[in-house]
Amino acid sequence: PALARSPYRRIENLSLSQLGPMLFSATALVSGLNVGPRAGTITMQTKTVTPLPASVKPGVVTGEALWDLLQHAKENKYAIPAVNVVSSCSISSCLEAAAKYGGPMIVQFSRGGGQFIAGKTADNADDAACIAGSVAGALHVRQVAELYGVPVILHTDHCQRSWLPWFDGLMDANEKYFKANGEPLFSSHMLDLSEEPLEENVGTCKEYLQRMAKCDILLEMELGVTGGEEDGVDNTDIDSSRLYTQPEEVWEVYQQLSSVPNGRFTVAAAFGNVHGVYAPGNVDLQPQILHNTQKYISEKLGDGDPKPTCFVFHGGSGSSREDIRYAIEAGTIKMNIDTDTQWAFWDGVREYEAKYHDYLQGQIGNPEGETKPNKKYYDPRMALRSGEEAMAKRLCEAAEDLNCIDVLNWSK
């Protein structure tokens, strides 16, 4: 199978008129799904998908529709791929892939990705470029998402305490958009205060969720620490014990965040996850932690719901498809993908250059003749399109591992 070829396992307020002239540049960022060898027998492969809730429509979903979609994923045992984007090319790859595999897509922006969209030389005082680029990207997605016929979740990735000015700027944009349109610009945001004491982590998340709930924005929070390095977050030297979350910690989060009126949240609970690319055997993934946590919280609540929590999977390092599917069975509804899709985009560009190398050495002159023009070969769209196609193909492979193929059983 394609994903097992390598000996390594891949881990992981602008107006529309202002947005229009922005040309999102060429490269694609997007946190590694490391699937490892295919598992032998996977019972989840054949399934009957229940109809999507009537609230879920093609295009960006927020509020109740977002929550309904996540519950549909949990009930039907699939996880939605979440891809960090830095350009219109990577956005297009995501939406193209979702239309092909027949499932939802989470398009997410990192702080650095937002800055890249705004332009690396744009004034970034007080995170101005990070905010403006993220907002511009979100507006772009909103303009085109419905054209692909799939539900799309607009999300932002890791935000540590020192990056809260970026988060606050995005919330200002959400509130302005909500006032004008009755829904937020983004569907959800992530706060990653996992390096802080539990009390401070939960306290800050609760404070922000109170603000977010007023305009129907979902919060993703992190417990434990995802190892490795990704887009400015470096946990390569973290104490390994912090890679594993305890059920009691998740229960504390559940109690505190559930008390927020209209508050909706997901939990990125660490169970050995690591960002990046690692050789087999270097990562000890323990999805059983998620199962134990669901059982613990279910018993505490006593309401008969066997999976009360929605989990998020960061960094699929060293994980087999069997481990991924086992995590999904425990209520994992989102999985971040980056490392392999970054490589796929580059590999598509590289293959284009290799194929047309002799036509890319000058504006005039190629194997067909000394005066033959090469414009149609060095047109940036040609190489970028090759990157888009390769990235979309890799995302379709990822969706298969996430059991997210043909899950759009639209309500009649």
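Predicted model: local features only at pLDDT ≥ 70, side-chain atom pairs only at ≥ 80, totals over all residues.
1. Leu95 lies in helix 3 (residues 88–101); helices here are DSSP runs of H or I with at least four residues, strands are runs of E with at least two, and both are numbered from the N terminus. Leu95 has a relative accessible area of 0% and is therefore buried, where buried means under 20% relative accessible area, exposed over 50%, and partly exposed in between (1.4 Å probe, protein chains only). Beyond its neighbours within four places in sequence, Leu95 is in contact with Val107, Val144, Ala145, Tyr148 and Val152, contact meaning heavy atoms within 4.5 Å. The C-alpha atoms of Leu95 and Ile106 are separated by 9.3 Å, the two residues being 11 apart along the chain.

2. Residues are numbered from 1 along each chain as its sequence is written, and side-chain values use heavy atoms, with hydrogens and water left out.

3. Overall, the protein contains 13 helices and 15 strands. It has 412 residues, of which 55% count as buried.

4. Helix 6 (residues 164–181) has 18 residues, which at 1.5 Å a residue should span 26 Å, and its end C-alpha atoms are 25 Å apart, in agreement; the expected span is 1.5 Å times one less than the number of residues. Its buried residues include Leu164, Trp166, Phe167, Leu170 and Tyr177. The buried residues of helix 6 pack against several elements, among them strand 4 (105–109), helix 5 (128–144), strand 5 (151–156) and helix 7. Gly182, with a positive phi near 80°, follows helix 6.

5. Pro247, Val250, Trp251, Val253, Tyr254 and Leu257 are buried in helix 8. Seen down the axis, these buried residues fall within an arc of 160°, so they line one face of helix 8; the arc is that of the directions from the helix axis to the C-beta atoms. Their cover includes helix 7, strand 7 (218–223), strand 10 (265–269), helix 9 (288–301) and strand 12 (311–313).

6. The structure holds 21 salt bridges, each a side-chain nitrogen of Lys or Arg within 4 Å of a carboxyl oxygen of Asp or Glu. In one of them, the closest N and O atoms of Glu175 and Arg211 are 2.6 Å apart. This pair links distant parts of the chain, with Glu175 in helix 6 and Arg211 in helix 7 (residues 198–213), 36 residues apart. Glu175 is partly exposed at 30% relative accessibility, as is Arg211 at 24%.

7. Lys393 and Glu397 also form a salt bridge, their closest N and O atoms being 3.1 Å apart. Both residues lie in helix 13 (residues 380–401), 4 residues apart, about one turn of the helix. Glu397 is buried, with a relative accessible area of 14%. Elsewhere, a network of salt bridges links Glu96, Lys100, Arg385, Glu388 and Glu389.
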